[in-house]
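This report walks through a structure for a reader who is new to the subject. Please keep the sequence and the 3D view at hand while reading.

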Amino acid sequence: MARFGEAGKRDAGTRSDCWVGVELRDSGGIRLELKSKVGALYGEAIRAQLTEGCRALGVADAKVEVVDAGALPYVLAARLEAAVRRAGHEPEAPWLPAAWAGFDRPAERGRLRRSRLYLPGNEPKFFPNAGLHGPDGLILDLEDSVAPAEKDAARVLVRNALRTLDFHGAERMVRINQGERGLADLEWVVGHGVQLVLVPKVEDPAQIAAVAARIDQLRAGGPEVLLMPIIESALGAWRAFEIAGASPAVVALAIGLEDYTADIGAQRTQAGTESFWARAQVLNGARAAGVQPIDTVFSDVGDMAGLRASVLEAKALGFTGKGCIHPRQVAVVHDAFAPAPDEVAKSVRIVCAFEDAQARGLGVVSLGTKMIDAPVVKRALATVELAVRTGRLDAEWRETLPAAAPAPAKKETGGGE
Amino acid sequence: MSRLVQNAAGRLVPVEINGAPAVPFAGVRRHQPSGRRAGPLLRSCSDYPADGDKTVESLKQALLNAGLRDGMTISTHHHLRNGDRVANLVFAAAAELGARDLRWFPSASFPCHDGMIAHMESGVIHHIEGSLNGPLGDYCTEGRMRGTAVLRSHGGRWQAIQDGEVRIDIAVIAAPTADPFGNATGDRGPAACGLLGFALADSQFADHVIVVTDNLVPFPCIPWQIQGNHVDQVVVIDSIGDPAKIVSGSTQITKSPDRLLIAELTARFCDEAGIIRDGFSFQAGAGGTALSFGIFLRDIMRERRIKARFVRGGSNQYLVSMLEEGLTDYILDGQTFDLEGVRSMRENPGHVNTSPFTSYNWHGKGNFASMLDCVVLGATEVDLGFNGNVVTHSDGRLLHGIGGWQNCLASNCTILPIPSFRDRIPVIVDRVTTLCGPGELIDVIVTERGIAINPLRRDLVEALRGSSLPIRPLAEIKAEVEDLCGGPPAKPRLTDRVVAAIKWVDGTVIDSVFQLEK
């Protein structure tokens, strides 16, 4: 049995993280050796937390060495727990940090998911402030951004982060691993404040059903956990509609192009013709199943103009969300997804004309000399709603926009718009 | 050790520093100076060569000619920043000459000056009056320096010299270009640094002035930022500094998303507060956040076609681009941070060099700092009274000089864009470790978690009412951060021995730095 375990980082560039080494012993109690960058200010607090942690984890005799580069308490706790587990000690009960007041806020099915910001699950320095950049969703990633050897440590860290950090209004998302490992990941996040789970590389509705079943088992009547399957292969794209409908917990269907293009044997290009079919397929599958269609990530963090063009293109295709890997992308994505001012103004006129026609009991909606078809009204209503939700239009616009009132309806006949 | 009294800010300060009486801080704008300015010794042209050639063969000889004696005050300047070789050469020469107990009076110190510790250990230097960072800061805060450090702002240094509070025996001015008469400039030469404003007072008030250059040109050296008529001797050496460390090739804006957010919030605040309008003026520091603030500000000005009347530097490539693009009429520059700034100062008449006299000196007939519509500065700590600290870390160690920070607080709107915590250490505290700037002069604190407006600024509170910006009480941001960091930090354990005195812009003592417990 291993008697020594270590977790975290202590190389020169480390910030807001720490390294913990635990050597389990048979006697002698807990011996702490602490080297901390913030020792003068938090040394006592750190010692107290480590002592409490050993007790809570059921470690009575050990040498605990800590090299701290300003880790927040939830990180320190996660590193200690990971090191203890790696030393071969399985705690009887979990050592859960005191939860943030809003950590178990229920998920909202229909909320905007324009931006989802990926954060590497084992890099705590990005966690506390990421929500301040205003993404619709924050993803603590357990999959591709975490090295295989660190998966266990990342799980503890992600659990602690979910419980203790304010995400500042962002949806609390976790991307789990594929297959069995992903199902095991769920034990670390369900019941700890996760609102939506991203399931990678889905090719079979059964995968989603299995994830949903495990979540139901784990949450045991607790808050609902939503799902966003990610389509990243030819087979997945082929079955997009079935996957989107595989569980009532699915609220969005996303596409990941890096793996998809590799899977079909193509190079990913700027123009993206190689992935056009798959994107259209995912989009239509999502819409057909009544869930949000979400586009892939834009990975050039230096190219804001390119990002904006990419979002406008995705929006034109019908997507309602985009993946981000840098906080500065969020505002650009939101701005590009928001309806343009002329689009809003036109939609407001159409909605007013529609409401006016309804009030007058007219079956036909017209704007000026033009007849307005029902789908046009439907789209205008959606645009006005999105404009209100994205702050482009005051919720009380009917009161504040008298100028938007339509011209008096004229009795005319003729074709639609 | 001197008696300590409580000053008007409630801080314990010595009434005597290094044997000279000191006046406790009496409140902002309270201390009234009297008397006349100090002046250097009278001299006669008959004592200087008629052909104008004041060159001597070595620094050592120059120090001998200057009458170097034990206990003298020697000043140097930080135009060459971390590339400076001159200050180190001066004290090496003084050590060789057997001088002891000197007072080093730099305008700032840099890591390249860490060797001064050896001179303090050997007794060549008694103590330092200037900024103390890194190992020098530790040396002082651990109580190993004889004498008390005195930290002054750039304006306060000018004030101390002109008021006669500090008499400089020998000023040594590193000059990127000079002529044999002693005219000198910083805007050209292999070690070009821009301007020599920090040495101007020393040139005018010191008893003896030595210009050291590695680029001697025949008389006249044009422009003459330093006038040779103040200069006693000129020494030519191989190299006054390492150009790579004097100015960076290019200034870098921050890549940190949090700092970019803070910079953006700061620019939006200025916009919503009505500060950004035709003919306005601003100054931003050299840090990454302040630079990025300048970029966001520039974008707003471009979009609205707004032109500033003047921008105060620390100049850099971004300010230069604003000048060249016509977004400001002038850059009034106090120091140059990159090569673009140096080039612009050399070539562009709209890029004007200034000094602590014009910009910062409190004991003058006004200064530029108080005319600024807005300044953007850093801080290591702020407290709930909006008081600011720039010199010590929360653990009590000296880590920065004051620079122009205190002087800039005179602006119409002083904004501190700062992260709410660094690693685990909260930046908003109950009471700043060292008081450098009184809260009544600090108007706005911008963090990534929200913007706090000093309640004393009812006009700003009113202007931002209903804003979409995250305006929050400072105490609320503090509580949120302490929650994240696991409670407020412990206080450093300090002795009651004063190791450094912090001067206010008027020469009074605003706070003390105490020796750390072992």
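## Basis of the report

This is a predicted model, in which local features need pLDDT of at least 70, side-chain atom pairs count only at pLDDT 80 or more, and totals for chains, interfaces and linings use all residues. Residues are numbered from 1 along each chain as its sequence is written, while chains are lettered from A and ligands numbered from 1 in the order in which they are written.

## Chain A as a whole

Chain A contains 15 helices and 14 strands. Both kinds of element are DSSP runs numbered from the N terminus: helices are H or I with at least four residues, strands are E with at least two. The C-alpha trace of chain A spans about 95 × 50 × 45 Å along its principal axes.

Of the 417 residues in chain A, 46% are buried. A residue is buried if 20 or more other C-beta atoms lie within 10 Å of its own, exposed if 12 or fewer, and partly exposed in between, with C-beta atoms placed from the backbone. Two residues are in contact if their C-beta atoms, placed in that way, lie within 7 Å. Among the contacts in chain A with a separation of 6 or more, 73% are between residues 24 or more positions apart.

Helix α1 of chain A covers residues 39-57. A straight helix of 19 residues would span 27 Å at 1.5 Å a residue, but α1(A) spans only 24 Å between its end C-alpha atoms. The expected span is 1.5 Å times one less than the number of residues. α1(A) has a kink of about 25° centred on A45(A); the bend at a residue is the angle between axes fitted to the seven residues ending there and the seven starting there.

Which residues of α1(A) are buried? They are L41(A), Y42(A), A45(A), I46(A), L50(A), G53(A), C54(A) and L57(A). These buried residues pack against β3 (30-36), β4 (62-68) and α2 of chain A, together with β24 (425-426) of chain B. After α1(A) comes G58(A), with a positive phi near 80°.

## The nonpolar cores

A nonpolar core is a set of buried Ala, Val, Leu, Ile, Met, Phe, Trp, Tyr and Cys residues joined through C-beta atoms within 7 Å. The largest has 267 residues, and those touching the most other members are L227(A), L253(A), I170(B), I173(B), V211(B) and V212(B). Helix α2 of chain A (residues 73-86) gives the most to this core, with nine residues. Another core of 16 residues lies apart from it, and includes I350(A), A353(A), A380(A) and L386(A).

## Strand β7 of chain B

Strand β7 of chain B (residues 102-106) is largely enclosed by the rest of the structure, because five of its five residues are buried. In a regular strand the side chains alternate between the two faces of the sheet. Here L102(B), W104(B) and P106(B) lie on one side of β7(B), with R103(B) and F105(B) on the other.

Strands pair if DSSP finds at least two bridges between them. β7(B) pairs with β6(B) (residues 73-76) in the parallel sense over four bridges, and I74(B) stands opposite W104(B). β6(B), helix α2 of chain B (residues 86-96) and β7(B) make a right-handed β-α-β unit. A crossover is right-handed if, with the strands pointing away from the viewer, the path from the first strand over the helix to the second runs clockwise. β7(B) also pairs in the parallel sense with β8(B) (residues 125-128), over three bridges, and L102(B) has I125(B) as its bridge partner. The chain crosses from β7(B) to β8(B) through helix α3(B) (residues 116-122), again as a right-handed crossover.

## Strand β17 of chain B

Strand β17 of chain B (residues 328-336) is mostly covered, with seven of its nine residues buried. β16(B) (residues 308-315) runs parallel to β17(B) and is joined to it by six bridges; R312(B) has L332(B) as its bridge partner. Helix α10(B) (residues 317-325) carries the chain from β16(B) to β17(B) in a right-handed crossover.

Three bridges join β17(B) to the parallel strand β18(B) (residues 351-353), where N353(B) stands opposite D333(B).
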